[in-house]
Amino acid sequence: MALVVCWTLLGLALYASSLCAVSSAAFLYHDYCIIGAGPSGLQVAYFLQRAGRDYVVFERSHAPGSFFALYPRHRKLISINKRYTGKSNSEFNLRHDWNSLLSHDHRLLFRRYSSDFFPNADAMVRYLEDFASLLKLRVQYNTAIIHVTLERDRQAWNGHYFLLTDQDRQNYKCSSLLVATGTWVPNVVNFPGSEYVEGYETVSISPEDFAGQTVLILGRGNSAFETAENILGVTNFIHMVSRSRVRLSWATHYVGDLRAINNGLLDTYQLKSLDGLLEGDLEDLAILKDKKGKLHITLRFYLENRNTSAGIDSITLPQDELDNFATRAPYDRVIRCLGWKFDFSIYNRSLRMMPGKGNKKKYPQIKPSYESRGTRGLFVLGTASHSVDFRKSAGGFIHGFRYTTRAVHRLLENRHHGVPWPSTVYPITQLTNSIIKRVNEASGLYQMFSVLADIILLRENATAFEYLEEYPVGVLAELEMQTGRKAPNGLFVIIMEYGRNFSGADKDVFYYNRAVGEAQHAWQSNFLHPVIYYYKRLPTEREMRLRPPDWPLPRPDAVHHIVEDFLTDWTAPNAHILPLRRFLENCLSTDLRNFFAESCFLFAFTRQKLPPFCRQGYLRMQGLVGSEGLRRHAVEAGLLEDYTLTDFSGDRPPDSHEGSQGQLLRDHAIPVRPLQHLVNAKDEL
């Protein structure tokens with residue numbers, strides 16, 4: 001009997017083992033799973049492929065960029081395509097190319113796909129298709145992920161695996177999950193009569209369908225004004241209603257606010273041509289339909305405790321009590337244009353993917369590192385990650401999130417593969433030049449102002465520095481852990497900022513004397529300009545939490561603003577470079593100027609501590625190679641003595657070697673002049 005029991009138990013164990021094996025085999029494993037083949041999904045796939053990582057992209061449609069195949073409905077993008085800048089620097093030109101993704105392939109610049117300043121969305125669809133195919137990215141099309149959950153496992157990178165299921169019940173397992181689905185679920189407000197409202201995603205885009213009609217548009221973003229712009233010339237009039245007042249992008253410096261290309265209705269409103277804007281809470285509205293099919297706007301409280309089925313004639317309307325009620329005229333159509341939100345429905349509760357709060361509730365909650373607050377190893381990319389810089393910077397748009405996506409990839413490379421954040425080490429004498437070069441060329445700093453920063457880590461005794469590009473400032477306290485780089489000797493943080501009181505819906509950004517031109521008033525600069533923060537040590541997490549409101553960083557030991565420039569060209573020797581160099585010198589207690597050999601020779605006899613340039617160059621017999629042109633320039637500038645021998649005797653040619661060197665020295669003694677002016681010359685090269 002005991003033997004039978006043993007064999008039975010053994011059989012059950014083998015059966016259970018076989019079930020586990022089958023279950024495990026049913027999961028296709030990848031280190032990285034990316035949901036969505038839109039711009040951010042393709043961008044992170046590119047970086048992973050270049051790094052040789054195991055990844056897959058899941059796309060529900062048959063081609064990448066399915067959102068752009070539908071939206072914007074009227075096909076004109078509001079992301080600029082500036083093909084000419086007068087510059088040949090590719091990094092600088094990306095500042096004004098809002099559509100290209102980052103790659104090594106120069107064929108994949110968006111200017112090759114459209115010549116329009118505001119391109120057609122179809123050009124974006126073609127561009128994304130080519131980006132995926134030419135770079136041979138591993139995208140699995142027609143695969144809709146319908147469920148995501150966790151499987152705890154201590155041996156996994158993050159202590160768990162992500163389990164994904166598609167529409168065909170195929171299962172996938174991955175160590176890291178990168179969500180790049182964007183925000184594509186329409187925002188809908190439910191109120192009595194909302195069934196009569198047409199959605200932006202389905203309403204006709206033919207102006208002829210609106211000829212002679214009266215239209216009410218719910219919403220006040222670019223989709224609402226885009227819709228109004230399309231039918232402005234054929235309608236009786238258009239009214240817009242929204243909870244908040246209109247915000248113009250040129251006033252707020254936020255590219256997601258109303259763009260000038262769509263604001264024709266503001267002209268017709270302010271120039272008395274029937275159209276108009278109203279403010280009101282949409283949830284307080286109600287819509288009634290009369291026998292003629294006309295839509296009447298009323299307020300929800302008028303319908304409380306009333307029998308709406310009795311017909312509109314038995315219901316009190318606002319105009320019955322207030323005969324000049326703004327929306328008393330009936331409408332032929334009501335259109336909802338309220339934007340989109342993130343799709344939370346496919347994520348199991350175990351992932352703790354929670355919506356944000358307030359005006360960020362359409363986005364998932366994430367950290368400044370773009371990692372989910374609820375689950376380690378789950379990163380949100382692209383438009384859905386915009387909660388980090390909502391209404392502040394460009395992180396919700398291609399020209400911003402192409403850089404935040406690269407930052408996430410670098411964080412992952414360090415965390416999972418031991419590849420430190422890319423950096424370059426320079427001698428301290430190149431500190432000023434390195435900063436000036438980056439603030440004049442870098443696109444990531446320029447587009448993701450106050451969000452991404454260049455970090456300069458000082459080496460011991462400030463003899464050299466390590467330069468890290470485009471690090472998320474929100475996780476500055478975690479820099480050593482996130483980058484694999486050490487910061488024991490202090491650091492500089494370089495970011496771009498607007499003036500604190502310059503922009504906003506209530507600000508007059510075109511006021512007289514709005515520009516600051518003097519270096520001594522640089523801290524009052526209003527337009528986008530570089531700001532350099534100096535810290536003697538890395539800020540702590542507590543200091544990051546307690547930083548002043550609207551400050552991207554905690555209070556530094558020193559701060560320097562480079563004065564704003566009309567051309568955004570910070571290369572002026574006196575206005576930009578000299579104040580920066582003196583700030584750096586004060587922070588480091590050293591002299592960062594470059595010197596000619598004659599000056600270094602003098603300093604060797606008169607100073608206890610030589611400037612870094614002399615220590616790293618002159619004393620090591622390194623420096624500029626002399627030439628006649630350079631020598632003559634220095635003589636004319638009074639920086640070198642003219643040692644040219646011109647008093648050669650009668651018939652002896654100048655290059656004759658007759659006579660001794662001593663005779664030449666006796667006949668042509670070199671006068672020694674005071675060199676003190678070289679020591680005090682602050683404008684020396």
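Predicted model: local features only at pLDDT ≥ 70, side-chain atom pairs only at ≥ 80, totals over all residues.

Visitor: Which residue in E19 does Pro 427 stand opposite?
Guide: Residues are numbered from 1 along each chain as its sequence is written, and side-chain values use heavy atoms, leaving out hydrogens and water. E17 pairs with strand E19 (residues 464–472) in the antiparallel sense over 5 bridges; strands pair if DSSP finds at least two bridges between them, and strands (E, at least two residues) and helices (H or I, at least four) are DSSP runs numbered from the N terminus. In E19, the residue opposite Pro 427 is Ala 464.

Visitor: Which strands stand at the edges of the 6-stranded open sheet?
Guide: The order of this antiparallel sheet is E17-E19-E18-E20-E21-E22. Each edge strand has a single partner, so one side of it is left without a neighbour in the sheet. Those strands are E17 (423–427) and E22 (558–561).

Visitor: What angle does the direction of helix H16 make with that of E22?
Guide: Helix H16 (residues 573–588) packs on this sheet, touching E18, E20, E21 and E22, where contact means heavy atoms within 4.5 Å. Axes are lines fitted to C-alpha atoms, for helices over the stretch in contact, and angles run from 0 to 180 degrees between N-to-C directions. With E22, the angle is about 175°.

Visitor: In the 5-stranded sheet, what is the bridge partner of Ile 217 in E14?
Guide: This open sheet has parallel pairing in the order E8-E14-E9-E10-E11. Strand E9 (residues 214–218) is joined to strand E14 (residues 333–336) by 4 bridges. The partner of Ile 217 is Ile 335.

Visitor: Are H2 and H5 roughly parallel or roughly antiparallel?
Guide: Helix H2 (residues 39–50) and helix H5 (residues 121–134) pack at about 20°, their axes 11 Å apart. Angles under 35 degrees count as roughly parallel, over 145 as roughly antiparallel, 65 to 115 as roughly perpendicular and the rest as oblique. H2 and H5 are therefore roughly parallel.
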